[in-house]
Amino acid sequence: MSDGSLSLPALLYLVAWDTGTGEAAGAAPLVRAGALVELARRGLLVDEDDIVTPVDMDAMTGDDPLDELLELVRESRPHGWRAWVTLHARETADAMREQLTADGYLRTERKRVLGVFPGVEHRLDRVADVAALREETQEVLDGPVPVTEVPERDATAAVLAAAAELGTLTPVKDPERVEQLVAHAGAGVPGLRKVVDEVRTAVTPVPAAAGE
């Protein structure tokens with residue numbers, strides 16, 4: 001995609017940003033899923049008997065949201081991938097929002113809560129860049145670029161974004177292509193396919209029961 005310097009969770013946060021509502025509402029589990037996969041791609045988290053396991057208790061990435069998640073995993077009792085997608089997910093999303101603000105994708109504006117209390121809200125600053133990221137993600141899902149020519153990071157981002165059924169993207173047209181993207185996304189690192197499958201399942205909305 002156009003900005004290869006973005007980490008996977010940063011890319012997902014921006015793709016989830018709704019220019020209509022002015023926020024990335026409900027994106028925390030998706031951003032956390034991206035962070036988990038990013039750390040697995042870098043070899044810093046692995047799967048051991050269905051448990052998310054740090055490889056090195058001292059390793060750091062230099063990326064604040066990722067490093068904060070690494071510390072959280074190290075200091076917490078063991079959990080599986082699906083549990084980590086939602087457990088304290090807001091912390092990762094908030095850290096990513098601050099990083100994107102520092103990088104110029106977002107900006108802060110002062111506001112008054114209930115007309116009295118001072119507060120801050122975030123606005124999208126690089127609108128055209130984010131629109132391009134969203135368009136490129138949609139193109140990964142719909143084609144025409146062959147799946148094997150899609151960068152693995154981009155394939156992973158598209159798969160997770162589609163699973164989350166983001167309102168910023170159109171519904172998947174070709175489920176078979178998505179499954180091919182899943183396989184491609186997990187091809188680069190041993191065990192990554194399982195990680196992608198697990199977090200993908202965790203971000204997929206649960207259908208409402210009949211009658212609700």
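Hi everyone, let me start with a count: searching the whole structure turns up 17 salt bridges. By salt bridge I mean a side-chain nitrogen of Lys or Arg within 4 Å of a carboxyl oxygen of Asp or Glu. Before I go on, some housekeeping. This is a predicted model, so local features need pLDDT of at least 70 and side-chain atom pairs count only at pLDDT 80 or more, while totals for chains, interfaces and linings use all residues. Residues are numbered from 1 along each chain as its sequence is written, and side-chain values use heavy atoms, with hydrogens and water left out.

Let's begin with helix α2. Helices here are DSSP runs of H or I with at least four residues, strands are runs of E with at least two, and both are numbered from the N terminus. α2 has 14 residues, and its first and last C-alpha atoms are 20 Å apart, close to the 20 Å expected at 1.5 Å a residue. That expected span is 1.5 Å times one less than the number of residues.

How much of α2 is buried? The answer is 12 of its 14 residues, so the helix is largely enclosed by the rest of the structure. Buried means under 20% relative accessible area, exposed means over 50%, and partly exposed is in between, using a 1.4 Å probe and protein chains only. Among the buried residues of α2 are Leu30, Val31, Leu36, Val37 and Leu39, but also Arg32 and Glu38.

As a reminder, an α-helix has 3.6 residues a turn, so residues three or four places apart point the same way. Glu38 is buried, at 5% relative accessible area, whereas Arg41 is partly exposed at 29%. After α2 comes Gly43, with a positive phi near 75°.

Now on to the hairpin. Strands β1 (residues 45–48) and β2 (residues 51–54) run antiparallel and are joined by 4 bridges. For strands to count as paired, DSSP has to find at least two bridges between them. Val46 stands opposite Thr53, and Glu48 has Ile51 as its bridge partner. There are 2 residues between the strands, and Asp49 in the turn has a positive phi of about 55°.

What does this hairpin reach out to? Asp47 forms a salt bridge with Lys194, with the closest N and O atoms 3.0 Å apart. That pair links distant parts of the chain, since Asp47 sits in β1 and Lys194 in helix α9, 147 residues apart. The side chains of Asp50 and Lys194 also meet in a salt bridge, at 2.3 Å from N to O. Here the link runs from the loop between β1 and β2 to α9, across 144 residues. Asp47 is partly exposed at 25%, Lys194 is partly exposed at 31%, and Asp50 is partly exposed at 47%.

That brings us to α9 itself. It has 12 residues, 192–203, which should span 16 Å at 1.5 Å a residue, and its end C-alpha atoms are 17 Å apart, which agrees. Leu192, Val195, Val196, Val199, Arg200 and Val203 are buried in this helix. Looking down the axis, those buried residues fall within an arc of 125°, so they line one face of α9. The arc is taken from the directions from the helix axis to the C-beta atoms. What do they pack against? The buried residues of α9 pack against α2 (28–41), α4 (81–86), α7 (152–163) and α8 (175–185), where contact means heavy atoms within 4.5 Å.

Last stop, strand β4 (residues 117–124), which holds His122. His122 counts as buried, at 13% relative accessibility. Its side chain makes a polar contact with the side chain of Glu98, at 3.3 Å. Leaving out residues up to four places away in sequence, His122 touches Trp17, Gly22, Arg97, Glu98, Thr101, Arg107 and Thr108. Arg107 turns up again in a network of salt bridges with Glu109, Glu121, Arg123 and Asp125. A polar contact is a pair of N or O atoms within 3.5 Å; within protein, one must be able to donate a hydrogen and the other to accept it, and residues adjacent in sequence count only if both atoms are side-chain atoms.
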